[in-house]
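This report describes a predicted model through its sheet, its ligand site and several individual residues. Please consult the sequence and coordinates alongside the text.

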Amino acid sequence: MDWIPTRARGLARLTDFLPSAGRLYAEQRNHDNGPAEGGDRGNVSQLSPWLHAGLLGEAEVLDAVLAQHGPGKAEKFVAEVFWRIYFKGWLEQRPSVWASYCAGRDAALEGLARNAGLARAYAEATEGRTGIAAFDTWARELAETGYLHNHARMWFASIWIFTLKLDWQLGADFFLRHLMDGDAASNTLSWRWVAGLHTRGKHYLARAENIARYTAGRPEGPLEAPGLVEDAGPLEEAEEHPRRLPELPPPAQAEDLAAPFALLLHDEAAHHAPLGLPAAPALVIGASRAQARSPGALGTCAARFTAGAMAGGLADAAQAFACPAVEWHAGEPLAPLLAEAGVERLAVPWLPVGWTRDALAPDLADMAEAGRIVTLLAPLDRATWPHAKAGFFGVAKRIDTLLGECGLPAG
Ligand SMILES: Cc1cc2nc3c(=O)[nH]c(=O)nc-3n(C[C@H](O)[C@H](O)[C@H](O)COP(=O)(O)OP(=O)(O)OC[C@H]3O[C@@H](n4cnc5c(N)ncnc54)[C@H](O)[C@@H]3O)c2cc1C
C-alpha cells in the first residue's frame, strides 16, 4: 500500500476497494493480515488517513459504496463510517473529555521524567521490546507504517492498559504521534472505550487465542501474546463530563460568501472538494498545525502524510479556483495575508474539538466575533451529531434516515 497523501490517490484507493466493501468486508474485516507489502490488507479500506485529512469526505465514500452494493450488503462498512461521525459528534458535545485527556497526558509525561522504572517500561512498550510478540510487532509496525488494523489497535490498547499497566493517555499520545489518521475524537474515545471509560464499566480485554485466530493470515503466521492479564476490571474516573450540543451552523449559501473571501484549509479539511463551497474563493490559506497533536515529536509517516495532504490541497485549490494559495504558519499574523488579497471574510471548515481547534480557534476569535467567518459543516455531521448523545446505538438505529436526509442512497 502506498500512502500518497493526495485526493487523487484517496479516490483511486476507494475505487480499488469498492468491490470488497460489501460481503467481503462484512465477513473478513476483523482479520489483521499484516501490512500490504507482505500480507493482504484488501479486507479493509485503509481510507482513514484520507478521511481524517479531509482529502475525502464521508458522504462521497458512503455514496460510492452504497451505489455499488446497496444498503443491505454495505451495512457493515456504512456502520463503521458512522462510528467515525458518531465519535466526532460525541466529543463535540463533551469537549472537557479532550481537555482532561490533554491534562492527564501532560501529567503522565511529567511522571515519566520523574520515575526511571516507568520511563523504562514506556520505552520498552513504544520501541516494541516488551517480549509480548504480538504487541511488539504492532509497536514497530505503527512506527514504520503509520497505520494499524482496527483490531490491532484494540488489542494493543488493551495490553498497554491492563497487562503493561501503563497510563492510557500515554498510549493514546503514542498513537496520535504515529498514526497517519491520528484523530482527536476516534483515538481518544476508542482508548477510553477499551479502558471502560466511554461505556462506563464495559472494557475490552485482549485474549491470546483471539489474537492468534485473527492474525493467522499475516505473512509471519499467527502472532503470539503470552502472559496477558485477562481478568482485570475496567478503569474508573471521578470526573463528570457534562454534555452540551454546540450551535451548528446552517448550510453556507452563495450570498454568505458574495464578497471576495478566503478559504482556510486545515489538517482535518485539507481539500476543498468535499466542502461543497457555494462560491469560489479569492484566496486559499493553508493552516496546518499538525505538531499541535502532541507535545512530543510526530512520527515520520504521520508528519509526511499531514504535510503532503496540505501541500496537495493547496495546489489543487489554487488550480481549481485560479487564485493564489498561501501558507499561514503558527505564530504569524493572519491579517496581512487577508489585506494583501483584499478579502474581509473567511470560510472556515468546522474546527473539531482537539488540537485543530486548540491551535486555530484563539487566532480566529476576533474575526469570529466580528462576524467575518462563515463556518462550513458537512451535512452528515449536522444531521448525525445531535444523535451522538450517549452510545452508538442512538446513531446506528437512525442510519437509514440520516442517509436519506443527506441525499444518500438509503434502505
Ligand atoms: C485504540 C484505538 C485507536 C483508534 N484511533 C483512531 C484514530 O486516531 N483515527 C481513526 O480514524 N480511527 C481510529 N480508530 C478507529 C479504527 O481503528 C480506524 O478508523 C480503522 O482501523 C481505519 O482503518 P480502515 O480505514 O481500513 O477502516 P475500515 O474498516 O475500512 O473502515 C472505513 C472507515 O470507517 C471509519 N472507522 C472504521 N472503524 C472505526 C472505528 N472503530 N471508530 C471510528 N471510525 C472507524 C474510518 O474512518 C475508516 O477509514 C481507533 C481504534 C482504536 C481501537
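A262, in strand 1, stands opposite L346 in strand 4. Strands, like helices, are DSSP runs numbered from the N terminus, with at least two residues (E) for a strand and at least four (H or I) for a helix. Strand 1 and strand 4 are paired in the parallel sense over three bridges; pairing requires that DSSP finds at least two bridges between two strands. With strand 2, strand 1 pairs over five bridges, again in the parallel sense, and I285 in strand 2 is the bridge partner of L264.

Six of the six residues of strand 1 are buried, so the strand is largely enclosed by the rest of the structure. Buried denotes under 20% relative accessible area, exposed over 50%, and partly exposed the range in between, with a 1.4 Å probe and protein chains only. F261, L263 and L265 point one way from the strand, while A262, L264 and H266 point the other way, and all are buried.

## Basis of the model

The model is predicted: local features need pLDDT of at least 70, side-chain atom pairs count only at pLDDT 80 or more, and totals for chains, interfaces and linings use all residues. Residues are numbered from 1 along each chain as its sequence is written, and side-chain values use heavy atoms, with hydrogens and water left out.

In general, the strands of a sheet pair through backbone hydrogen bonds, in either parallel or antiparallel fashion. Here, five strands form an open sheet in the order 3-2-1-4-5, with parallel pairing. Strand 3 (325-327) and strand 5 (373-376) are at the edges with a single partner strand each, so one side of each has no neighbour in the sheet. From one strand to the next, the twist averages 25 degrees.

Strand 2 is joined to strand 3 by three bridges, and the two run parallel; V284 stands opposite A325 in strand 3. Five of the five residues of strand 2 are buried. On one side these are L283, I285 and A287, and on the other V284 and G286, leaving both faces covered. Contact means heavy atoms within 4.5 Å; axes are lines fitted to C-alpha atoms, for helices over the stretch in contact, and angles run from 0 to 180 degrees between N-to-C directions.

## Ligand site

There are 28 residues around the ligand, of which Y25, S45, Q46, N150 and D181 come nearest; a residue is included if one of its heavy atoms lies within 4 Å of the molecule. A polar side-chain atom of N150 is 2.7 Å from an oxygen atom of the ligand. The protein covers 96% of the 820 Å² of accessible area that the ligand has on its own, where areas come from the Shrake-Rupley method with a 1.4 Å probe and, for residues, only the protein chains shown count as cover.

## Selected residues

H241 is located in the loop between helix 12 (208-214) and strand 1, and at 11% relative accessibility it counts as buried. The side chain of H241 makes polar contacts with the side chains of S96 at 2.7 Å and E237 at 3.5 Å. A polar contact is a pair of N or O atoms within 3.5 Å; within protein, one must be able to donate a hydrogen and the other to accept it, and residues adjacent in sequence count only if both atoms are side-chain atoms. Leaving aside neighbours within four places in sequence, H241 is in contact with R94, S96, V97, S100 and R192.

E58 belongs to helix 4 (residues 58-73) and is buried, with a relative accessible area of 9%. Beyond neighbours within four places in sequence, the contacts of E58 include V81, R84 and L380. A79 lies in helix 5 (residues 75-93); its C-alpha atom is 9.3 Å from that of V395, 316 residues apart in sequence.
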